[in-house]
Amino acid sequence: MAAAAHIASPYDVFPRPDHMAQATTSHRQGNFAISTRKLPISKAGPIEAMEKALGIPVPEMIFGDNVVAVRHAPTGWAIEFNAFDALDAVDKTDRHMLQVAYARAWSASREQTSAGIKDVVRPYDWSYSTTYKGTVALGGRGVPALPPDSSTGSAAAAAASTSTASAAAGDGIAPAPAQAQAKQFAPSSRPIPIELLKRRDPILFFDEVMLYESELDDNGISMLSAKVRVHEHRMLLLCRLFMRLDNVVARVRDTRVYVDFDAEEVTREYTVKELGFEDVKRKLLMTGLTPDAITVAMRDANKIADLLPTVEQTLESVSLKS
């Protein structure tokens, strides 16, 4: 294994295209490529550039180069999940700000310490409760190239990933084909087949990628991550925002992307769940948990997601078959 390149300064250009390629893992299933890229927390230079572009401070832990992507080879249609687009979907007004005693001081301190927007004072949702449902890319823009076989982590997959790094740098991005432009999500009434996903079919590919995390100045947590699992005939991608503001509220916002490889159909379900902090603790207490166990459970989205009522849900699908 090659030694990691020395980073002389936090403002160095990082990662290089070869780092991007080495950090990308791809799996081919039928006409689809599923790819993930995992790299360390972004450096100061890229963070400053991101904050200038977004106009808001970014969370303390930002993985700006990480991505989860699904691409349909024949059309070039793709959907990906990345930190920049997720943060760009955070409300940049004061309409959805949580009004709590320490909110103003917390937001002000983040504004003052963010190098990228020192001179910008504007309201924003400092809980980073994004409404992000993924980025639909046409013509494979920014999405790893389709590997030639179903091997994972192979040299072939790494080589295929090199084109992703070049594309991200603005090299050789081909115009989106007309068939990709015509493929858009539309409202659907057919739900994701949960029963099929519960079957114990072999998992051919699995990965989990962190996009960003904030401890909200030790007042809770806001975390966005994505995980994907692939079976022979189907796959599920879950991008989850988990936000807990101590003594105020708990939120879970899930985007599920289900792909039927045989039908070449993609379904996207977006679900918003929310409940007051004390109400969540009360529900956990009713399950028989001890106070200490409740404290632990409040830090785990998987433990509380089913206890939160659904306040919004949308269902869409797109057929990619020619």
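Modeller: The largest cavity is lined by Thr130, Tyr132, Leu224, Cys239, Leu241, Arg253, Thr255 and Tyr270. A cavity here is a set of points on a 1 Å grid over the protein atoms alone where a 1.4 Å probe fits but cannot get out, and lining residues have an atom within 4 Å of a point. Two elements, β10 and β11 (249-260), each give two or more residues to this lining. The model is a predicted one, in which local features need pLDDT of at least 70 and side-chain atom pairs count only at pLDDT 80 or more, while totals for chains, interfaces and linings use all residues. Residues are numbered from 1 along each chain as its sequence is written, and side-chain values use heavy atoms, with hydrogens and water left out.

The structure holds one cavity of 30 Å³ or more, and the largest cavity contains about 40 Å³ of space, a volume being the space filled by probe spheres set on grid points joined across faces, edges and corners. Its lining comprises five nonpolar residues, two polar and one charged; Ala, Val, Leu, Ile, Met, Phe, Trp, Tyr, Cys and Pro count as nonpolar, Asp, Glu, Lys and Arg as charged, and the others, Gly among them, as polar.

The surrounding strands may be taken next. Helices (H or I, at least four residues) and strands (E, at least two) are DSSP runs numbered from the N terminus.

Nine bridges join β9 to β8 (residues 205-214) in the antiparallel sense, and tyrosine 212 stands opposite leucine 224 of β9. This leucine, Leu224, is also among the residues that line the largest cavity. Five residues separate β8 from β9 in their hairpin, and leucine 216 in the turn has a positive phi of about 50 degrees. Aspartate 218, in the loop between β8 and β9, likewise has a positive phi, of about 65 degrees, although it is not a glycine. Aspartate 218 is exposed, with a relative accessible area of 63%.

With β10 (residues 234-245), β9 forms 11 antiparallel bridges, and methionine 223 stands opposite phenylalanine 242 in β10. The hairpin of β9 and β10 has three residues between the strands. Strands β11 and β12 run antiparallel and are joined by 12 bridges; there, valine 249 stands opposite glycine 276 in β12.

Helix α8 (residues 277-286) has Phe277, Val280 and Leu284 buried. These three cover an arc of only 65 degrees around the axis, which puts them on the same side of α8; the arc is that of the directions from the helix axis to the C-beta atoms. The cover over the buried residues of α8 includes β10, β11 and β12 (265-276), together with α9 (291-297) and α10 (301-304), contact meaning heavy atoms within 4.5 Å. On the face turned away from the buried side, α8 carries the exposed residues Leu285 and Met286.

Key
Pairing = 2+ DSSP bridges. 1 Å grid on protein atoms, 1.4 Å probe; cavity = no way out; pocket = protein on both sides within 12 Å on 5 of 7 lines; lining within 4 Å. Buried < 20%, exposed > 50% of the residue type's maximum accessible area, 1.4 Å probe, protein only.
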